[in-house]
Every structure is written in C-alpha cells, then in structure tokens.
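Have the sequence and the structure open, try each task yourself, and then follow the solution.

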Amino acid sequence: MRNKVFFYIVFILVILLLQTSLVDYIKILGVKPNIILIFVVAVSLLKGHIEGAVIGCITGFALDTISGGLFGFYALLFLYTGLFVGYINKRFYKENFLVMF
C-alpha cells in the first residue's frame, strides 16, 4: 500500500511538471494534449472507479494549486471523469476479443 501511494505521488508530480513545462511546446494542429487527463483515464480503466476518482481528485487539486485559476474546478472535473470512466469500464468485458483491438 505504501509503495502504491509513493508511486502515485511521484508519478503525479512528474506529470504535473511535464504538463506545465514541456507540453506547452507540443501542439498538434494548435491543440495541446492534457497528459493529466490521460493519466486519470488510464488509472480508472485499470484500477476501477473508486481509485480513479481518488486519483482524479488529487491530481485535480494539484493542478488547481499550480494553475492559479478557479480552485476546485479541475478537482471536480477529474474526479467525475475518473468515476465515469471507471463505471463505463465495468460494462465492457475485458476478455472480449473485439474489445482487445
């Protein structure tokens, strides 16, 4: 459990650092990718809706403190994203041959 929490903290800090520094230079047709959102979706797909919502809320609060905008906006957005994607993931069969591709 401690290793998992430590891994998530380190990974969130690295992703926040990359999002705020390097991603500004990467634009695909004028659109910047949001790697924090990709991380929240990946966690909720792999670990479930509860862990996805918790990680989404934590990363959202961290992004809110860095961005300086409306506090709590990203926390709620990523919390609901992790929760929604985790619930949708329950509907799919992971062993289904068509879903693998």
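**Exercise 1. Find the order of the secondary structure elements of the protein chain, from the N terminus on.**

Step 1: From the N terminus on, the order reads α-α-α-α-α. Helices (H or I, at least four residues) and strands (E, at least two) are DSSP runs, numbered from the N terminus.

Step 2: The count comes to five helices and zero strands.

Step 3: A note on the source: this is a predicted model, in which local features need pLDDT of at least 70 and side-chain atom pairs count only at pLDDT 80 or more, while totals for chains, interfaces and linings use all residues. Residues are numbered from 1 along each chain as its sequence is written, and side-chain values use heavy atoms, with hydrogens and water left out.

**Exercise 2. Work out how helix α2 and helix α3 are oriented to each other.**

Step 1: Locate α2 at residues 35–47 and α3 at residues 49–67.

Step 2: Axes are lines fitted to C-alpha atoms, for helices over the stretch in contact, and angles run from 0 to 180 degrees between N-to-C directions.

Step 3: α2 is therefore roughly antiparallel to α3 (under 35 degrees is roughly parallel, over 145 roughly antiparallel, 65 to 115 roughly perpendicular and the rest oblique).

Step 4: Now look at the contact (heavy atoms within 4.5 Å). Residues of α2 that take part include Ile36, Phe39 and Val43, and among those of α3 are Ile55, Thr59 and Leu63.

**Exercise 3. Repeat the analysis for α1 and α2.**

Step 1: Helix α1 covers residues 2–21, and its axis comes within 9 Å of that of α2, crossing at roughly 150°.

Step 2: These two helices are therefore roughly antiparallel as well.

Step 3: On the α1 side, Tyr8 and Phe11 are among the residues that meet α2, whose partners include Phe39.

**Exercise 4. Describe the pair formed by Phe7 and Tyr8.**

Step 1: The ring centres lie 5.8 Å apart and the planes are at 50°, so the pair is tilted. Rings of Phe, Tyr and Trp (its six-membered ring) pair if their centres lie within 6.5 Å; planes under 30 degrees apart count as stacked, over 60 as edge-to-face and the rest as tilted.

Step 2: Phe7 is partly exposed at 46% relative accessible area, whereas Tyr8 is buried at 9% (buried is under 20%, exposed over 50%, partly exposed in between, with a 1.4 Å probe and protein chains only).

Step 3: Phe7 and Tyr8 form one aromatic cluster with Phe11 and Phe39.
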